[in-house]
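Student: Hi! Could we go through this structure together? I have a handful of quick questions.

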Amino acid sequence: MTQTLEPGALEDPAFPVPRGLAALMRPELPTLTEEIITEIRRAIPEYARPLDGVYGQTLRATVERHLAAFVDQIADPATVRASHEEACRKLGRLEAHEGRSLDCLQAAFRISGQVAWRRIMKAAPRFDVSAAVMSGLADTVFAYMDRLAALALDGYVRAKQSPVAIVDERRRRLLRLVLEGPSVSRAAIRDLAETAGWTVPDEVVLVATQPSARHVRATLDGDVLVDFESASPHMLLPGPLTPGRLAMLRAALPDHRAAVGLTVPLSRASDSLRWARQALALARRGVLDDGPLTLCEDHLVSLWLLSDIPLIEQLARRRLAVMDDLTPAQYERLVETLRVWLVTRGTAAEMAGLLHVHPQTVRYRMRQLERTLGDRLQDPESRFGIEVVLRAMYLRRRATGV
């Protein structure tokens, strides 16, 4: 027979939930932990990192600790563990030190409360929990989450007021000032750099990263400026891209995609970041395939060709207009054959291997191209224009799939 949990079962009238409910809730905690972690990672991109390793262990332990403390509180309302409260403050300090806004953590608390309450609503009918107890339990759940959020906020604010946090904020402001470009005076940059304890270099390299890389700050060199609070996180490396700097980046970002811009004068830092972001976008779409770290200096032509697609389309209309009468299938075959010839200048047999066709097919297509394009293939300027168009079209197909 199912036991009915009524308000009359309360051992402590000041606490609106019967203690016996704790025994019913504990078996639900392992699966509830997984459900909360899944929902947090789905809803908040900043937490959608791989769960293997220290990060996953920390996230799971944090959720388990808060759920267990809540059930302990139901079993004994007088139980308020100072260690648990300090853990909440530590969580807030961690968010501050990693450069995230508190919005992410507050959202995680909110989602946890919602998922937990959905589980309670689903499980309650099995135990015939009365409406009065459910009402009291709702108040208790959300009051508990509010308490966690308040403790985390306290830790966050205290961390932000620390000397380290003040220097970090000055360095973020300095990075933003540098990225404003030539309109900012060197004196203004130098003054802010002095308060931030940073030596102003003549040259810099900018790096664009995915949001998931925000936790790597501790593994970076001390003179690297970072802004991981931006919607498009990035960092500035003083000086040229030396082998040592490159090794640092590879060690700090083994599992996070990033792109490294070109070394430029300090006043042109925004150019380096623009190129890095373009390269990162192309890498994410599979156009540039270098692994986690993409170097702009390895892809200058591709970045240039894909920097203005509408202009490339205009150039294509002019250079390849004589092929407009071909069917789409003929056009695609001839354009791909022409691209391979312009890139390789190979024999029919060599081109056939690349195109996966018979050499005689290549010869036939080349005769078609000669008839269609006429003297354009002999004129250096026209040939260069056609090659630029075909290379850009090839890269664009890899970027868009069309």
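Student: At what angle do helix H14 and helix H15 pack, and how far apart are their axes?
Tutor: Keep in mind that this is a predicted model. In it, H14 (residues 348-355) and H15 (residues 359-373) pack at an angle of about 105 degrees, and their axes are 8 Å apart. That makes H14 roughly perpendicular to H15.

Student: Which residues in H14 and H15 meet?
Tutor: From H14 you have Ala348, Ala349, Met351, Ala352 and Leu355. They meet Pro359, Val362, Arg363, Arg365 and Met366 in H15.

Student: And by class, what does the contact of H14 with H15 have?
Tutor: There are 8 nonpolar residues and 2 charged ones, with no polar residues.

Student: Is His356 buried or exposed?
Tutor: His356 counts as exposed, because its relative accessibility is 71% and the cut-off for exposed is over 50%.

Student: Which loop is Arg345 found in, and what is its phi?
Tutor: Arg345 is found in the loop between helix H13 (328-344) and H14. Its phi is positive too, about 50 degrees, and Arg345 is not a glycine. Arg345 is partly exposed, with a relative accessible area of 41%.

Student: Let's change topic. In the largest nonpolar core, which residues touch the most other members?
Tutor: That core has 47 residues, and Ile44, Ile74, Phe109 and Leu137 touch the most other members. Helices H1, H2, H3, H4, H5 and H6 each supply at least two residues of this core. The largest share comes from H6, with 13 residues.

Student: What is Leu137 in contact with, leaving aside its neighbours within four places in sequence?
Tutor: Leu137 is in contact with Val17, Leu21, Phe70, Ile74, Trp117 and Ile120.

Student: How many residues are in the second, separate core?
Tutor: The second core has 36 residues, including Val184, Trp198, Ala279 and Ile312. As background, nonpolar side chains tend to be buried together in soluble globular proteins.

Student: One last thing: where is Val226 found?
Tutor: Val226 is in strand E2 (residues 225-227). Val226 counts as buried, because its relative accessibility is 8%, and buried means under 20%.

Student: How far apart are Val226 and Leu236 in sequence and in space?
Tutor: They are 10 residues apart in sequence and 6.4 Å apart in space, C-alpha to C-alpha.

Conventions
Residues numbered from 1 in each chain as written. Predicted model: local features only at pLDDT ≥ 70, side-chain atom pairs only at ≥ 80, totals over all residues. Heavy atoms only, no water. Axes fitted to C-alpha atoms, helices over the stretch in contact; angles between N-to-C directions. Helix = DSSP H or I, 4+ residues; strand = E, 2+ residues; numbered from the N terminus. Parallel < 35°, antiparallel > 145°, perpendicular 65-115°, else oblique. Contact = heavy atoms within 4.5 Å. Nonpolar A, V, L, I, M, F, W, Y, C, P; charged D, E, K, R; others polar. Buried < 20%, exposed > 50% of the residue type's maximum accessible area, 1.4 Å probe, protein only. Core = buried A, V, L, I, M, F, W, Y, C linked by side-chain atoms within 4.5 Å.
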